[in-house]
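Subject: A structure for you to look at

Hello,

Here is the structure I promised to pass on. Please open it first, and then read my notes below.

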Amino acid sequence: MDSDVMSKKLLFASSLLLAAVYFFPMWNILLTAPQYPEGLEIHIWVNKITGGKPTDIQNINILNHYIGMAPIKPDTIPELKIIPYILGFMIILGLTASFVGSRLFDTIWFGLLVFLGGAGLVDFYRWEYNYGHHLNPYAPIKISGMSYQPPFIGMEHLMNITAFSYPAPGAWIAIFAGLLGFLAVVMDVKKWFFK
């Protein structure tokens with residue numbers, strides 16, 4: 001198969017695969033504690049935050065109240081309103097690039113995908129940092145010097161709570177889509193240099 005055709009097909013598949021991200025959570029946070037042995041889960045999607053069970057977010061907000069953390073209110077998080085449009089733009093741009101077949105267009109699309117993915121991770125870390133460090137000074141439980149930032153990835157003990165944070169299926173789909181896009185760009189650049 002001609003490398004131009006293969007590159008276009010890879011870019012097309014990559015862009016379509018990004019659409020699947022709307023249907024799976026991007027990140028999971030699991031909290032376990034003696035009072036919640038079954039665990040409390042937070043699923044972060046591109047447009048919402050849900051619990052593993054209907055009462056998980058409510059129970060996490062109760063715990064947060066005691067230690068001075070802000071409640072989780074998905075409606076107040078601007079990223080959840082913006083990211084679905086950014087993702088839609090990237091899907092349309094990628095599909096357009098796959099039909100146009102321009103090496104420059106393909107490379108710009110991939111570079112933008114990497115930049116936006118990196119910016120999303122930085123923003124998520126910033127959100128976790130602010131969430132765990134900006135505490136209500138009048139909280140019922142105060143421990144001097146203590147912060148409650150969940151781990152960005154991995155496990156961390158926060159008092160008697162163990163927090164696990166890890167990519168969910170949506171993140172793995174986005175990574176795989178990015179790899180397909182990378183292969184498309186490599187094929188384009190390779191042909192450009194080795195005509």
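Predicted model: local features only at pLDDT ≥ 70, side-chain atom pairs only at ≥ 80, totals over all residues.

Residues are numbered from 1 along each chain as its sequence is written, and side-chain values use heavy atoms, with hydrogens and water left out.

Now the overall fold. The protein chain holds 5 helices and 5 strands (DSSP runs numbered from the N terminus: H or I of at least four residues for helices, E of at least two for strands). Their order along the sequence is α-β-β-β-α-α-α-β-β-α. The radius of gyration, taken over C-alpha atoms, is 20 Å, well over the 16 Å that the globule rule gives for 195 residues, so the chain is more spread out than a compact globule; the rule is 2.2 Å times the number of residues to the power 0.38. Along the principal axes, the C-alpha atoms fill a box of roughly 70 × 30 × 25 Å.

Of the 195 residues, 39% count as buried (under 20% relative accessible area; exposed is over 50% and partly exposed in between, with a 1.4 Å probe and protein chains only).

The whole structure has 8 aromatic pairs (rings of Phe, Tyr and Trp, the last by its six-membered ring, with centres within 6.5 Å; planes under 30 degrees apart are stacked, over 60 edge-to-face and the rest tilted). Phe110 and Phe182 form a tilted pair, because their centres are 5.7 Å apart and their planes are at 45°. Phe110 lies in helix α4 (residues 103–133) and Phe182 in helix α5 (residues 169–193), so this pair ties together parts 72 residues apart in sequence. Phe110 is buried at 17% relative accessible area, whereas Phe182 is partly exposed at 41%.

Tyr125 and Phe152 make an edge-to-face pair, 6.1 Å centre to centre with 70° between the planes. Tyr125 is in helix α4 and Phe152 in the loop between α4 and β4 (154–158), 27 residues apart.

Best wishes
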